[in-house]
Amino acid sequence: MVRGKTEMRRIENATSRQVTFSKRRNGLLKKAFELSVLCDAQVGLIIFSPRDKLYEFSTSSMQEIIERYQRHTKDIQCENPDMEQNNMHNLKHNTSSLMKKIELLEKSKRKLLGESLESCSLEELQQMEHQLERSINIIRARKMEVFREQIVRLKENVKELSSENVMLLEKCGGLEMQQTSGGEDVSIVISSEKSYVETELFIGLPESCKTKRP
């Protein structure tokens with residue numbers, strides 16, 4: 001199965017970005033190890049994750065490889081003094097180009113905020129209008145997605161609270177039944193005591209008859 005071409009840009013989703021980093025990091029470390037074994041090369045690989053976690057691989061001591069690299073670059077600079085000047089020239093050129101891009105982005109940002117529109121043509125204004133409409137549609141779609149997620153969470157909370165309420169009602173019902181059954185036992189005991197007193201018999205003459213006889 002032919003794999004599609006991956007677009008080389010930053011992955012916006014944090015979970016997908018972390019998964020891709022883990023997979024490609026392991027693949028890169030594996031390739032470095034294979035290169036060192038198959039070609040008897042001295043390899044040093046250093047990787048810092050977005051969370052500033054260090055991953056490294058080296059065929060020998062990493063410090064020795066770094067020192068060897070520094071000696072090598074220093075020797076090259078001594079042999080080719082013009083190389084450093086060329087590098088400085090390239091850095092200055094890149095810096096100037098980046099400054100121009102930043103300036104253009106700042107101008108575009110001000111125009112999107114409704115500032116400095118006097119120099120804009122009708123076509124530019126229409127393009128900005130379409131761009132803002134697309135941005136608003138994206139924002140509204142994201143807002144509706146957040147609303148739906150909140151509604152789902154609230155429904156889950158309602159279900160949990162309903163279950164807890166049912167459990168509490170069952171417990172309260174059991175306590176009331178126990179109290180009711182306890183009250184019935186007491187009334188039965190009391191009524192039995194009363195019946196015992198009322199049905200008590202006396203054998204012999206009444207007291208009134210004893211007093212009348214001489």
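**Exercise 1. Placing a residue**

Where does Asp-52 lie? Then describe its backbone and its exposure.

Solution. 
- Note that this is a predicted model.
- Locate the residue. Asp-52 is in the loop between S1 and S2.
- Check the backbone. Asp-52 is not a glycine, yet its phi is positive, near 65°.
- Recall the background. Most residues other than glycine have a negative phi.
- The cut-off for exposed is over 50% relative accessible area. Asp-52 has 61% relative accessibility, so it counts as exposed.

**Exercise 2. The whole chain**

How many helices and strands does the protein chain have?

Solution. 
- Count the elements. The protein chain has five helices and two strands.
- Along the sequence the pattern is α-β-β-α-α-α-α.
- Look at burial. The protein chain has 214 residues, and 7% of them count as buried.
- Look at contacts. Take those between residues at least 6 apart in sequence. In the protein chain, 14% of these join residues at least 24 apart.
- The accessible surface is about 19,900 Å², and carbon and sulfur atoms account for 57% of it.

**Exercise 3. The core**

Which residues make up the largest nonpolar core? Then find the elements that supply them.

Solution. 
- List the members. The seven residues are Phe-21, Ala-32, Val-43, Leu-45, Ile-47, Tyr-55 and Phe-57.
- Name the suppliers. Helix H1 (14-39), strand S1 (44-48) and strand S2 (54-58) each give at least two residues to this core.
- Recall the background. In soluble globular proteins, nonpolar side chains tend to be buried together.
- Follow one member. Set aside neighbours within four places in sequence. Leu-45 then contacts Leu-28, Leu-29, Ala-32, Tyr-55, Glu-56, Phe-57 and Met-62.

**Exercise 4. A loop residue**

Is Ser-49 buried or exposed? Find its loop and its contacts.

Solution. 
- Locate the residue. Ser-49 lies in the loop between S1 and S2.
- Apply the cut-off. Buried means under 20% relative accessible area. Ser-49 has 11% relative accessibility, so it counts as buried.
- Find the contacts. Leaving out residues up to four places away in sequence, Ser-49 touches Phe-21 and Tyr-55.

**Exercise 5. Charged pairs**

How many salt bridges does the structure hold? Work through each pair.

Solution. 
- Count. The structure holds two salt bridges.
- Recall the background. Side chains of opposite charge can pair when their charged atoms come close.
- Take one pair. Arg-10 and Glu-12 join through their side chains, at 3.4 Å from N to O. Both Glu-12 and Arg-10 are exposed.
- Take the other pair. Arg-142 bridges to Glu-145, with the closest N and O atoms 3.4 Å apart.
- Explain the spacing. Both residues are in helix H4 (residues 122-198). Arg-142 and Glu-145 are three residues apart there, so about one helical turn separates them.
- Arg-142 is partly exposed, at 43% relative accessibility. Glu-145 is also partly exposed, at 35%.

**Exercise 6. A charge without a bridge**

Which side chain of opposite charge is nearest to Arg-25?

Solution. 
- Locate the residue. Arg-25 is in helix H1.
- Look for a partner. Glu-56 is the nearest side chain of opposite charge, and it is 13 Å away. Arg-25 is buried yet has no salt bridge.
- Look for a polar contact. The side chains of Arg-25 and Asn-26 make one, at 3.1 Å.
- Apart from neighbours within four places in sequence, Arg-25 contacts Ile-47 and Tyr-55.

**Exercise 7. A glycine between helices**

Where is Gly-114 found?

Solution. 
- Locate the residue. Gly-114 is in the loop between helix H3 (81-112) and H4.
- Gly-114 is partly exposed, at 49% relative accessibility.
- Compare sequence with space. Gly-114 and Met-128 are 14 residues apart in sequence. Their C-alpha atoms are 9.9 Å apart.

Key:
Residues numbered from 1 in each chain as written. Predicted model: local features only at pLDDT ≥ 70, side-chain atom pairs only at ≥ 80, totals over all residues. Heavy atoms only, no water. Helix = DSSP H or I, 4+ residues; strand = E, 2+ residues; numbered from the N terminus. Buried < 20%, exposed > 50% of the residue type's maximum accessible area, 1.4 Å probe, protein only. Contact = heavy atoms within 4.5 Å. Areas by Shrake-Rupley, 256 points an atom, 1.4 Å probe, with all protein chains shown as cover. Core = buried A, V, L, I, M, F, W, Y, C linked by side-chain atoms within 4.5 Å. Salt bridge = Lys/Arg side-chain N within 4 Å of Asp/Glu carboxyl O. Lys, Arg positive; Asp, Glu negative; His and termini not counted. Polar contact = N/O pair within 3.5 Å; in protein donor to acceptor, adjacent residues only side chain to side chain.
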